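Dear colleague,

I am handing over the structure below, and my notes on helix geometry and charged pairs follow it. Please read them alongside the coordinates.

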Amino acid sequence: VVELSDLVRFVEHPVRAFLRQRLGISLYSADDDVEDELSVELDGLQRWGVGQRLLEARLRGIDERTAILAEIARGTLPPGVLGKPVIDDLSPIVSGIVDRAHAVATATGGQAGDGGAGGDPVDVRAVLDDGRLLSGTVTGVTGDLLLTTTFSRVSAKHRIAAWVRLLALTASSPGRPFAAATVGRGQGRGDVRTAWVQPLGDDAEQRRACARAELAVLMDLYDRGMREPLPLFCLTSAAYAQMARQGQDGYGAALKEWESEWNREREDRDAEHQMVLGGVLTLPEVLELAPAAGESGDGWPDSESSRFGRLARRLWEGLLAREEVRAQ
């Protein structure tokens, strides 16, 4: 039996999945310390927490004023009037995401769930081509729509996780034309973004065949990633694969996701990546890693000379061929 949650964790962060699932290693960061001081100014993560809680409350049907009062009562906002600018800044963004989530759900005959936890939980049991059983539970299913709503920016991790869950749903119940939508913030302040994946075929047999074929690809990567830490990094690989699929040079896009800046750490500074790579590597150093045995031929993009490039294209090709990202 392969747990669906393990496969999702792998595609979201392949190196971390190897360290935790195979070696039992979980790296500790000073950022994990519990804060017991009263903040007068929220950092980015704290602001995200306020926005996410407001969003979840609104999606559960709680009105805006009540949701805000509840957040004030939690004591997580700066004291007194210092907390008002935070609410004034975040509340319109939350409202935009809520409106979009309700519109998406209504268009498919359902109602928006609370951050992907609403709707109905659906148990999945899909027998894979190699005889293994993929088993787990998918939450946030409204009718035949897998709806994920988040205050975060819609990132590669949200999109690939929704893709895996959609494949599992379809392989388990191909008679239902499941689709997936992920709603969250875009790049701009007022930008609400939706990543759509439509049903995988016109009938049950087409959907079953597509889901099983795509799961076979992901399970092959999963098996490889449980034997050794792969040079496969979610955000960087997504940026590279998307540009390469369009026939463009993916190096520049990948570099923006990989290389840390003075005021923002990227995937090169990720603690798990540093552990398995022996330190902070540049992107050219990552691209010097040659493909391993068995990473060529059918289903592998032989036009990619680096191991990173081949793994990135193999992981993302199925989703990129079917996904539509809309900004509003």
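Helix 12 (residues 307-320) has 14 residues and spans 19 Å from its first C-alpha to its last, close to the 20 Å expected at 1.5 Å a residue, where the expected span is 1.5 Å times one less than the number of residues. Helices (H or I, at least four residues) and strands (E, at least two) are DSSP runs, numbered from the N terminus. This is a predicted model, in which local features need pLDDT of at least 70 and side-chain atom pairs count only at pLDDT 80 or more, while totals for chains, interfaces and linings use all residues. Residues are numbered from 1 along each chain as its sequence is written, and side-chain values use heavy atoms, with hydrogens and water left out.

As for charged pairs, the count comes to 23 salt bridges, each being a side-chain nitrogen of Lys or Arg within 4 Å of a carboxyl oxygen of Asp or Glu. One of them joins E323 and R159 at 2.8 Å, N to O; E323 lies in strand 7 (residues 323-327) and R159 in helix 6 (residues 156-172), so the pair ties together parts that are 164 residues apart in sequence. Both E323 and R159 are buried.

Best regards

Key. Buried means under 20% relative accessible area, exposed over 50%, partly exposed in between (1.4 Å probe, protein chains only).
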